[in-house]
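I opened a new structure today and went through a few of its helices. My notes follow.

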Amino acid sequence: AGARQSLARLRSADHHELGCALRDLHTSTKSSAIFTAHATATKYIGLLESPAPRKILLITLYAVIKGTPAKQIPRYSLVSFTASAGVSITLVIKFTQSSSPTVSTAANSAKNATDAPTVFAAARSSRAPTYLPRPMYFVAVACAVNIALDFVLVGGGMGAAGAALATVFGQAVSVAFALFMLRRRDLGFRVTRQDVRIDREIFAQILKVGAPIACQDGLIQVAFIVITVIANSRGLVVSAAVGIVEKLIGFLFLVPSAFLSAISAITAQNMGADKPERARVSLGYGLLITMSWGALCAIYSQFLPQTLVGLFTRDAAVLAAGCAYLRSYSFDTLFAAVHFCFSGYFCGDQKAGISFIHNIIAIVLVRIPGAYLAGVYFPDSLYPMGWAAPLGSLLSALICVGFYIYFRRQEKLRI
């Protein structure tokens, strides 16, 4: 009922009233100069049927532009607000450039709506559902099935093959559970077979961001393999110690990895809403939290590394080598926190190539050569070899900071 009332109110509103309503729902920024006025709503597509208290209304707006290239005009924007009875209304606004006299007249009539309709915060009512925990549930199902089958199959004598089958089956069950939940729960939109098709423009955008990230992650894994080969060539004790510390570092990296994903998503949302200042604030908080975590891990590893390495081995030689390796390697949690956060920020701003560039430079110039040279000149200790990764991350961090400063200066020059 609230959705119908809100739709009726929007249908009956004149263009000036709608322009003022949209203006009140956003905060103007420096980009407001590109529009002379709020454009007029010219077409209502209608409400999508949905059992959840969230309705979607698609409006096409024609914008009157002051010498701005069409590629700088936002294609879509969102406005969400709460109507009566806790119903959440989402306006999906599509912008189209037009020089029609009718549109110009309607736009000029919006005397009090002179800001650009480009900056909208997608607000959600208190009754609207949240989907953030669901991926965690899907992963939890995969882990539970995997662990249970490990006991059954590996304990039953299948060995490594049983562990592999347990992993694959756990992932399969997780996917089936996710599909089941997606069909049972309302997401505010529906996915049909007609939606499963290739859109060249969207496909190109996905590749633009995803391809550099995929190449970057692949090359990072190659670097880890090369470092493992170098460690294995130094004997069984070194190989075991490096393997243990790599597992520990992987666990300690969960925090910066999570913030990389979070900052990437938050940056993309705010850049899409034309609120870059909020993306930068998110980056700042991410750096503060992850660097604090990295400093804590590094300090702890300097004084009590045996409490961590000792979880995996009781062998005195492996324990001593692992502690030496962890003392230096643990600083990677501090330096990597910087370039992880900046990588998420750049990926969210459609600059994934920067993340690819700094990682490749660090791998080629520092990580692999550093690990090799440490093995050649310091064969009796893993402590020097442990510095290869932190120094590589330090180089990546400096490159990221340099790019960030460069782009900020470019923005100020454009202003």
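I call a residue buried when its relative accessible area is under 20%, and exposed when that area is over 50%. The model is a predicted one.

**Entry one: H7.** I started with helix H7, residues 236-252. H7 has 17 residues and reaches 25 Å from its first C-alpha to its last, close to the expected 24 Å. Which residues of H7 are buried? I found Val238, Ala241, Val242, Ile244, Val245, Leu248, Ile249 and Leu252. They cover an arc of only 165 degrees around the axis, so they sit on the same side of H7. I then checked the face turned away from that buried side: it carries the exposed residues Leu236, Lys247 and Phe251. The buried residues of H7 pack against several helices, among them H6 (200-232) and H8 (254-272).

Next I looked up H9, residues 276-303. Its 28 residues should span 40 Å at 1.5 Å a residue, and its end C-alpha atoms are 41 Å apart, which agrees. The buried residues of H9 include Pro276, Arg280, Gly286, Thr290 and Cys297. I noted that the buried residues of H9 pack against H7, H8, H10, H11, H12 and H15 (388-414).

How do the axes of H12 and H13 cross? They come within 7 Å and cross at roughly 150 degrees. That makes H12 roughly antiparallel to H13, because angles over 145 degrees count as such. On the H12 side, I listed Asp332, His339, Ser343, Phe346 and Cys347 in the contact. H13 brings Ala352, Ile354, Ser355, His358, Asn359 and Arg367. The contact residues divide into 4 nonpolar, 5 polar and 2 charged.

Conventions:
Residues numbered from 1 in each chain as written. Predicted model: local features only at pLDDT ≥ 70, side-chain atom pairs only at ≥ 80, totals over all residues. Heavy atoms only, no water. Helix = DSSP H or I, 4+ residues; strand = E, 2+ residues; numbered from the N terminus. Expected span 1.5 Å × (residues − 1). Buried < 20%, exposed > 50% of the residue type's maximum accessible area, 1.4 Å probe, protein only. Arc of directions from axis to C-beta. Contact = heavy atoms within 4.5 Å. Axes fitted to C-alpha atoms, helices over the stretch in contact; angles between N-to-C directions. Parallel < 35°, antiparallel > 145°, perpendicular 65-115°, else oblique. Nonpolar A, V, L, I, M, F, W, Y, C, P; charged D, E, K, R; others polar.
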